[in-house]
Amino acid sequence: MKTIITPILAIVAVLSTLTSCNNSNNSGALSNNNAEKVYVAPGDHDSHYAFISGGFSGNLTVYGLPSGRLFKEIPVFSQFPTNGYGYSEETKPMFETSYGFVPWDDSHHPDISQTNGKLDGRWIFINGNNTPRIARISLTTFETEEIIEVPNSAGNHSSSFITENTEYVVAGTRFSVPVPQKDIPIKTYKGNFKGALSFISVDPEHGHMDIKFQILMPGFNYDLSHPGRGKSHGWFFFTTYNTEEANTLLEVNASQNDKDFIAAINWKKIEEYVKKGGGTMMPANYAHNVYDEHKHTATSTMKKEVRVVNPSEVPGAVYFIPTPKSPHGCDVDPSGEYIVGNGKLSANLTVHSFTKMLDAIENKKFAGEAYGIPILNFEDVLAGSVEQPGLGPLHTEFDGQGNAYTTFFISSEVVKWKLGTWEVIDRKPTYYSVGHLTIPGGNSAEPFGKYMFAMNKITKDRYLPTGPEMEHSAQLYDISGEKMELLLDFPTHGEPHYAAAIPAEIIKNNSRKIYRLDENQHEKKTLSGSDVKIVRDGKNVHIYMTMIRSHFAPDNIEGIKVGDKVFFHITNLEQDFDVPHGFAIIGANNAELLIAPGQTRTLTWEPKQVGVWPFYCTDFCSALHQEMQGYVRVSPTNSNIELSWSLGED
């Protein structure tokens, strides 16, 4: 009997091993089951929008989840020759700043507007990091509608985050600077440089932004921030590093203190102070650029003063919470009770309690003060620590089920842990060196905890190589179960610094399909063939043109001379969804135009050579797209040829 059982056990063991191998092969992003989880059939829609910042591209990209399909790149802070944003006369004012025309920036942190702490899908805000600016993008048109410059700020990193009713979009400086700016030795940094935290009000109807007040803080570096919510609504929290106030070799000199701070700001209290006339109006110079979707035109206004508040003017409004060590992310859980400080150089994750913070303030449990701002006792505010969860913690988001998810840059992983017990539940590697992660609504009172995606800094071997530089990578995880499951890698454009995501059903039914011609208020619109004209004003020539499948009106133009400046004011007469037309002319030194249905755009062209030069539609629009073309005859400067134009004439 024993001789029979032994071979049977051996066969079972082999089968078990084979089964185990098969199970192993079915795990991860390559398993059929996971492929089905991210597959969106042709014609079907993704369940979520993901808005991923482009980092050094200066723009914002729109992806679908779970498929990872790229839908659109929204130009924000960078010129975009694909559609002429920043090149057309209508959109160039969006790049005006106190430094002049700035056609690029480093976009970092998008945040979707909220009502009662929940994503409402009206607007998305994002910061320009290099030349401090905040942009507001409509989630109806998916176009940038407003950009406001932030004075007294530099390296606008702890931005742009939203209070729970979108009362404010908040921006904080990374670099402290002299306020106001002046010519002083850099080595006099300590005590002379300031950090400005800006509270920018948002009009609840139109979304228009206005800097309500700036708080002038000690000269630390202000890294990231998040609003209180629920019980902590009315407060805002900012991580700081370089509390040593070093001004050179910061990788050493800004890591000397065992603890830096989270700055807790009672913005409601400061708001009341400001409403009563508190604060000081300081001379300033910053641009406010607004795009009007009916006029299809942006305007730029320079503002000349800003209200500043010194914390000493409002006792009880600002406190420092000691937090180990060079904290980066500053995240608040959906209940508003827990404030997570991710110390980059700390072995543990630190979680503060809002309830304990209020108790410490009420009972004056202070460990000292810095520049007159009370420092709370660390132990009195501490809610708990996640012990040795990984190396290099950066950012945390929440699933609404009592769990938190933190990225670890050095150990290249995402760690799931439990709020309240602080126990680690799961960890999954990322490929590689993860920065931020995003859960749809994970930065609100109501997360949609089905998916989480990590945004990685290094791609290396995940895709076919494309030379020394690869596009960065995002990785989608299913977090609906106890354990996280990697579903998909997808490449991103620029640096996927941070993202905001939202269920598609909140946005997609409000998406604009066309711009109505009867609502077009552009000063140089052309709404019919009878409005077509060409007007010479000295060397400036204005061509009022229309486009519709499949011709331009006019399509033959003569009487242009070398040395003229020609303005093509072109209106797309289409009233059909997703039928833009393009316009390009040979030798244009700027860009093409891509004009949405019902929209008017202007391209400037300065002909430099005599000849007959074609123009054409760049967006394949119909079976006769190739026939959608025209010519401009350019004559010598001293020519006597009169302006003329035609359509359909031999």
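Reply:
**The chain and one of its sheets**

The protein chain holds 6 helices and 46 strands, where helices (H or I, at least four residues) and strands (E, at least two) are DSSP runs numbered from the N terminus. This is a predicted model, in which local features need pLDDT of at least 70 and side-chain atom pairs count only at pLDDT 80 or more, while totals for chains, interfaces and linings use all residues. Residues are numbered from 1 along each chain as its sequence is written, and side-chain values use heavy atoms, with hydrogens and water left out.

Along its principal axes the C-alpha trace of the protein chain spans about 95 × 85 × 45 Å. A compact globule of 650 residues would have a radius of gyration near 26 Å, and the 28 Å of the protein chain agrees with that; the radius is taken over C-alpha atoms, and the globule rule is 2.2 Å times the number of residues to the power 0.38. Of the 650 residues, 57% count as buried, a word that stands for under 20% relative accessible area, with exposed over 50% and partly exposed in between (1.4 Å probe, protein chains only). Among contacts (heavy atoms within 4.5 Å) between residues at least 6 apart in sequence, 62% join residues at least 24 apart.

The part to look at closely is an open sheet of 4 strands, in the order β21-β22-β23-β26, with antiparallel pairing; two strands pair if DSSP finds at least two bridges between them. At the edges stand β21 (327–332) and β26 (382–386), each of which pairs on one side only. From one strand to the next, the twist averages 20°. β21 is joined to strand β22 (residues 338–343) by 4 bridges, in the antiparallel sense, and within this pairing D331 has V340 of β22 as its bridge partner. Strands of a sheet pair through backbone hydrogen bonds, either parallel or antiparallel. Helix α5 (residues 354–362) lies across β22, β23 (349–353) and β26, and runs at about 60° to β23; axes are lines fitted to C-alpha atoms, for helices over the stretch in contact, and angles run from 0 to 180 degrees between N-to-C directions.

β27 runs antiparallel to strand β28 (residues 403–408), and 4 bridges join the two, with E397 standing opposite Y405 of β28. Between the strands of this hairpin there are 4 residues, and G400 takes a positive phi near 80°.

β42 pairs with strand β41 (residues 581–585) over 3 bridges in the antiparallel sense, and H581 stands opposite I595 of β42.

The interior of the model can be followed through its nonpolar cores, each a set of buried Ala, Val, Leu, Ile, Met, Phe, Trp, Tyr and Cys residues joined through side-chain atoms within 4.5 Å. The largest has 28 residues, and those with the most contacts inside it are F199, M217, I265, I270 and F320. Leaving aside neighbours within four places in sequence, F199 is in contact with residues including Y168, F213, F236, I265 and W267. Apart from this core lies another, of 26 residues, among them Y49, I126, A135 and A298.

E145 and E293 lie 148 residues apart in sequence, yet their C-alpha atoms are 7.8 Å apart in space.

Finally, the structure holds 0 disulfides, a disulfide being a pair of cysteine sulfur atoms within 2.5 Å. The sulfur of C617 has its closest cysteine sulfur in C621, at 4.1 Å, which is too far for a bond. C617 is buried at a relative accessible area of 2%, and C621 is buried at 13%.
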